[in-house]
Amino acid sequence: MDGGAFGAGKAGSSVDPLEFVRRPQVIARILCWLFAIIIFGSISSKGWAFDKVQNREVCLFNKDLNACNYGTTIAVFAFLAAVGFLAGEWFFQQISSVKMRRRYIMLDFGFSAFWTFLYFVGFCYLTSQWSKSETPEGGSVITNGLQAAIAFSFFSIFSWAGCTWFAYQRYKLGVGDTFAPIETQGTAPGAAPWTQTPTQDGNPYNAGGYPSYTGAYNAESYQQPPFANNGAKVSPTPSL
């Protein structure tokens, strides 16, 4: 998982199925998918009954059609979204663009946070209507089904909240990698930052310049030797 943006592997790297199902965000998404199936199945099979007085099917949550429709709707969309995000997680490492990865994480965060809120409302709504309902015909089988829908609506609050948390953590990780200094990117924890030695023509050199040599040749330090006009060729002698 190291070396990629937003907590994923490098673009184009292969995905290990065992490592994939062990990821926390994948486990949370699978729970969201499973809970949505239970809620949808419980309300669809146990949440309706035929009322002979009204001569039509009524919702067993206090005969409130909106309660059954609301619970079913959010469960169906949660199921589809969970499948879509699982597929997105599988192909996430194939996305080479950092911008596209950021958009995916932002979509994950926004949708998960919104569905957490919807499930919280759904749990409160179903609980309120169930407390006002009469005991349905059919015994404990019908009652257990309706109570299962309420219970797994409550569990879904935490599963979708977990997805929201994981998306937020990945977004923070990706933003940190994007704005990290170049010399510290890709450095292992505790290791010294990487620095590049300046080179010139392929060879390292001192960018700050070499110190001057105090005993270097200086034309102004020469003095005219004595007897310079005697006709002899005398080479100038540097003063020390």
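Guide: Let's start with Glu-19, which at 27% relative accessibility is partly exposed; on this scale buried means under 20% relative accessible area, exposed over 50%, and partly exposed in between, using a 1.4 Å probe and protein chains only. Glu-19 pairs up with Arg-23 in a salt bridge, with 3.2 Å between the closest N and O atoms. The term salt bridge here calls for a side-chain nitrogen of Lys or Arg within 4 Å of a carboxyl oxygen of Asp or Glu. Arg-23 itself is buried, at a relative accessible area of 6%.

Some housekeeping: this is a predicted model, so local features need pLDDT of at least 70, side-chain atom pairs count only at pLDDT 80 or more, and totals for chains, interfaces and linings use all residues. Residues are numbered from 1 along each chain as its sequence is written, and side-chain values use heavy atoms, leaving out hydrogens and water.

Searching the whole structure turns up 4 salt bridges. One of them joins Asp-108 and Arg-29, at 2.5 Å from N to O. Asp-108 sits in helix H4 (residues 98-131) and Arg-29 in helix H2 (residues 24-46), so this pair ties together parts 79 residues apart in sequence. Helices are DSSP runs (H or I, at least four residues), numbered from the N terminus. Both Asp-108 and Arg-29 are buried.

Then there's Arg-170 with Glu-89, a salt bridge whose closest N and O atoms are 2.6 Å apart. That one links distant parts of the chain, 81 residues apart: Arg-170 is in helix H5 (residues 140-178) and Glu-89 in helix H3 (residues 65-90). Arg-170 is buried at 9% relative accessible area, and Glu-89 is buried too, at 3%.

Conventions:
Helix = DSSP H or I, 4+ residues; strand = E, 2+ residues; numbered from the N terminus.
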